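Let's take a walk through a protein together. Have the sequence and the 3D view ready, and we will go step by step.

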Amino acid sequence: MKKILFTFCSSMILLTACNTGTKNGAPDSDSAANVSTPGTSSDEGKEERNKQVAMDATKAVINNNPDEAFKNMASDAIDYNDGSGPATKGLDSIRAGMKMWMSNVQDYKGDNLEALADGNKVMIYGDWSGKFKGDFMGMKTAGKSFKVKDVDIFTFNDEGKIKEHRSVQSMSTLFAPAGPGK
């Protein structure tokens, strides 16, 4: 049921985003003044740069390389995670949390990764899996595997540094078994 709801909501957001400010495929006069001209080389260049930075950071996490993962993160960055708990503020705190994650999950990987950009926002969608080495943050997770779909949303500052991160996937689903025999 959650997958159906997630797919429906995602589709509606994408459809709305694609149709906002258009009539028969042409911009409204009201909305045309409020958006930059798509396809300008500076906009496209920033979006491509931001997509590459987000993808590089994501791959560095997969490769268990925290220094590489955070080299393009602003010092005052905020990680909101899935929004169910308090945000983590500041590069050092975010790095410490990610190092704790990396040290406790083995065989962590992301498959079918896809990056989408709109202005200063980049979303990376993918299939994530791994196995907990031990109990994690007081939860009985030792030896449990997980497999989830997730979207990571990165917001960039004008210098191309990641200033915010959000995750769509609730952390609680990571602690459910991946399937029979897992």
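We begin with the overall layout, then turn to the rings and the charges.

Please keep in mind that this is a predicted model: local features need pLDDT of at least 70, side-chain atom pairs count only at pLDDT 80 or more, and totals for chains, interfaces and linings use all residues. Residues are numbered from 1 along each chain as its sequence is written, and side-chain values use heavy atoms, with hydrogens and water left out.

The protein has six helices and eight strands; these are DSSP runs, numbered from the N terminus, with helices (H or I) of at least four residues and strands (E) of at least two. Starting at the N terminus, their order is α-β-β-α-α-α-β-β-α-β-β-β-β-α. Of the 182 residues, 31% are buried (buried means under 20% relative accessible area, exposed over 50%, partly exposed in between, using a 1.4 Å probe and protein chains only).

Now for the rings. The structure holds six aromatic pairs: rings of Phe, Tyr and Trp (its six-membered ring) pair if their centres lie within 6.5 Å, and planes under 30 degrees apart count as stacked, over 60 as edge-to-face and the rest as tilted. One of the pairs joins Trp 101 and Phe 146, tilted at 50 degrees with 5.9 Å between centres. Because Trp 101 sits in helix α5 (residues 91–104) and Phe 146 in strand β7 (residues 145–156), this pair ties together parts 45 residues apart in sequence. Are these two residues buried or exposed? Trp 101 is buried, at 9% relative accessible area, and Phe 146 is buried too, at 2%. Phe 146 also pairs with Tyr 108: the centres are 6.3 Å apart and the planes stand at 50 degrees, so this pair is tilted. Tyr 108 belongs to strand β5 (residues 105–118), so its pair with Phe 146 in strand β7 ties together parts 38 residues apart in sequence. Trp 101, Tyr 108 and Phe 146 are among the members of one aromatic cluster, which also includes Trp 128 and Phe 132.

Next come the charges. There are seven salt bridges, each a side-chain nitrogen of Lys or Arg within 4 Å of a carboxyl oxygen of Asp or Glu. One of them joins Arg 95 to Asp 67, at 3.8 Å from N to O. It links distant parts of the chain, with Arg 95 in helix α5 and Asp 67 in helix α4 (residues 66–69), 28 residues apart. Asp 67 is exposed, at 52% relative accessibility. By contrast, Lys 51 and Glu 48, whose closest N and O atoms are 3.3 Å apart, both lie in helix α3 (residues 41–62), three residues apart, about one turn of the helix.
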